[in-house]
Amino acid sequence: MRVPLTVIAREWGRIGCVGFGGPPAHIALLRELCVERRGWIAAADFEDAIAAVNLLPGPASTQLSVYCAHRVGGRRGALIGGLAFIVPGLVLILALAAAFLAASPPQWLAGAGAGAGAAVAAVAVKAGLDLIGRTWRRDRLLYILLGGLAAATVGPWLVVVLLACGFASLAVRMRGGVAAIMPLPLAVAAGAGGLGALCWTALKVGALSYGGGFVIIPLMQGDAVDKHHWMTGTQFLNAVALGQVTPGPVTHTVAAVGYAAHGVGGGLLAAAVAFAPSFLFVLGGADRFHALLRNRRARAFIDGAAPAALGAILGSAIPLALALTEWWQGVILAGAAVALLGLRRGVVETLLLAGVAGTAFALLT
């Protein structure tokens, strides 16, 4: 069944505008549209698509949105639907980045950013625990520990650890089958900085990240803050918070990093590099998703890389917390941990309240 491209643009654009809350919200909105309300995709096919995109690196909800648009509109539908899903949040996060990452933002705005940023470490812990709880297996513990240790210590080299865990799992399961997927890109022209370095950071986010949207945080932090000094630790926390409270994929955070590095052009370039693999994976392999689900090598690799990525999400909380500079940010972090882990409040709600608290502290101290 082919759906008019104008309908795809309208419906996927609507999800891109109202899709607050990360991948679970995006998946629910896509299911409601494509399966329940319109009947464009069978429920079983939709569930298979979710499983398949979770075997791919990169932002799963973006890949699912592109896949669904491909199913109902072909290649042109995939391009239009994917862009409609991505662009609203991208425009918003670039506008907010211009305000929050300015050299001298108003005191109340700086306080809001510092407050929301203070809660990010708690968000990382919640994300990691939620994901690990849903996928827990004892044989994954070593990979989880390695990913957490790498995120807390080696920063820019985290992607090497993730890939190494994937290849180790593949070697154990397949006994020599590693060569079948070894040609994954391990480096590009990162150099000492410049656009090449930004492209490499964005490529890691879009093509070499496993385990959910939040794993992009440790993949970016080492490059953006420690290695290339595109932004301070405080600004990076602001960027992460912006990626959480804006609609659409959390991967939009990379656009804020690109903006800090090279302005609007850098933000657009980083987003293009980060999201391009999602389109390529789906346009090149949508017809092979069922085969992917049966591929033992793909599953074996993910059994190592994905738990390492989940551990990295937890480990990222350490450098995120160490980036706090004000005493009252510690108070907000503790409150956010109680809200998220104890009271089970939503991430967006918690970050917005943390921003309000940050504004109050900034104006009163």
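Contact here means heavy atoms within 4.5 Å. This is a predicted model, in which local features need pLDDT of at least 70 and side-chain atom pairs count only at pLDDT 80 or more, while totals for chains, interfaces and linings use all residues. Residues are numbered from 1 along each chain as its sequence is written, and side-chain values use heavy atoms, with hydrogens and water left out.

**Threonine 251**
- Not counting residues up to four places away in sequence, threonine 251 touches Pro59, Val205, Ile216, Ala274 and Phe275.
- Threonine 251 lies in the loop between α11 (233-245) and α12; helices are DSSP runs (H or I, at least four residues), numbered from the N terminus.
- Threonine 251 counts as buried, at 3% relative accessibility (under 20% relative accessible area, 1.4 Å probe, protein chains only).

**Helices α10 and α12**
- The axes of α10 (residues 216-227) and α12 (residues 253-285) come within 11 Å and cross at roughly 5°; axes are lines fitted to C-alpha atoms over the stretch in contact, with angles from 0 to 180 degrees between N-to-C directions.
- α10 is therefore roughly parallel to α12 (an angle under 35 degrees).
- Ile216, Met220 and Ala224 in α10 meet Thr253, Val254 and Val257 in α12.

**Helices α2 and α4**
- The axes of α2 (residues 23-37) and α4 (residues 60-100) come within 8 Å, crossing at roughly 30°.
- α2 and α4 are therefore roughly parallel to each other.
- From α2, Pro23, His26, Ile27, Leu30 and Cys34 meet Ser61, Leu64, Ser65, Cys68 and Phe85 in α4.

Conventions
Helices (H or I, at least four residues) and strands (E, at least two) are DSSP runs, numbered from the N terminus. Angles under 35 degrees count as roughly parallel, over 145 as roughly antiparallel, 65 to 115 as roughly perpendicular and the rest as oblique. Buried means under 20% relative accessible area, exposed over 50%, partly exposed in between (1.4 Å probe, protein chains only).
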